[in-house]
Amino acid sequence: MANDTESAISALLAWFAQHQRRLPWRDNPTPYAVLVSELMLQQTRVDTVIDYFQRWLARWPTVADLAAASQADVLAMWTGLGYYNRARNLHAAAQAVMARHAGVLPADDAALRALPGLGPYTVGAVRSIAFGQPAALVDGNVARVLARWTAFAGDPSQPKGRDHIWRVAEDWLQQPVARAQPGAWNQALMELGATVCTPRAPDCLLCPVATHCQARAQGLTQAIPPVRQKATAQLVRAAYAVIVGTPLQGPGVADSAPRVLLARRPEDVRWAGLWEPPGVEGADCLDVLNARLRAAGLTPEPPLGPIVHILTHRRYEVLAVPVHCALETLPDLAAFGYPALRVQALPDALGKESGLSRLAQKLLELVV
Ligand code: SF4
């Protein structure tokens, strides 16, 4: 069995050497580049991440550069990637590396785990890919590949199943051929899961380990891993005021773009610190929003939408209420409870580094 496993590992490594996708973080896998790419890739498609990764490294090429950035700039750079806690953790991790490790990411397991936002998967990625250490990792792709390969009947998404798959990953990494190149081995497992051993339609005819795969031998590739029942998403109704001002006028004023009023979300809520049109959540959101706008001397127009915006556990159904006004001074929107307001040119608000959530940008696109 050991020899069979070893020859299968060799086959997968050879396949990875030949077929791996060319990705920017693979060109120069420094510890910092691996950390940035791995946090960006969590819950996000590779195609989406490439542009963000390249802009990020161009702006903050080192841990020290990132640590010195403002949180507002970090969130702005993350605009549209979602799951913004990843950006906050990456920023906090860079500051911790400056404070505790003189700006050098440690290779040590305990020191990496002590950094904000680094779980076992990310630590395994940094240690194996950047430092060449024999550290296992399991993400969704690896769990699926190993579960099929070994015909594991349990559910890798549940604690018992997850522990089992981690043990398999750690055992196989002890095989000399995998241990000799742990970064390539871990990436080969992930690459196979991302491109061949996909969730619904594994392409077993192209698979380099097909002759070793227990699920294939037993006709269980569709049954492993078991399909998870999706939890019902919580419905959130909300209404937002897209307050659009006429272009600035007057001698010496060059800006001819419409402007939009934005509010910064408080620190203790979802999408903390991001900017959005002022809004209200709840069953009576439209009435409350319109009343607050009128109290501020603004005239709400009939709502547009709804926009449907899906997150992992929430389904947003959102109305956009247009308001057109001169916007020469900030209206009194204290009733909304935002810590800050700003007026921004519309093209900047819709830009890649605006610091608006994707939902906020969808609202602007609907109205203007
Ligand atoms: S043979 Fe099929 S099910 Fe098995 S690892 Fe390869 S792609 Fe996945």
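This is a predicted model: local features need pLDDT of at least 70, side-chain atom pairs count only at pLDDT 80 or more; totals for chains, interfaces and linings use all residues.
Residues are numbered from 1 along each chain as its sequence is written.

Let's begin with the whole chain. Its C-alpha atoms fill a box of roughly 80 × 45 × 30 Å, taken along the principal axes. The protein chain has 17 helices and seven strands; these are DSSP runs numbered from the N terminus, with helices (H or I) of at least four residues and strands (E) of at least two. Of its 368 residues, 35% are buried. Buried means that 20 or more other C-beta atoms, placed from the backbone, lie within 10 Å of the residue's own.

Now look inside. A nonpolar core is a set of buried Ala, Val, Leu, Ile, Met, Phe, Trp, Tyr and Cys residues joined through C-beta atoms within 7 Å. The largest such core has 95 residues, and Val242 is among the members that touch the most others. Helix 3 (residues 31-41) gives the most to this core, with eight residues. Leaving aside residues up to four places away in sequence, Val242 touches several residues, including Val260, Pro277 and Leu363; touching, or contact, means C-beta atoms placed from the backbone within 7 Å.

Finally, find the ligand. Around the ligand are 14 residues, and Cys197, Pro202, Cys204, Cys207 and Cys213 come nearest; a residue is near if its C-beta atom, placed from the backbone, lies within 6 Å. Helix 10 gives the largest share of this shell, three residues.

Key: A residue is buried if 20 or more other C-beta atoms lie within 10 Å of its own, exposed if 12 or fewer, and partly exposed in between; C-beta atoms are placed from the backbone. Two residues are in contact if their C-beta atoms, placed from the backbone, lie within 7 Å.
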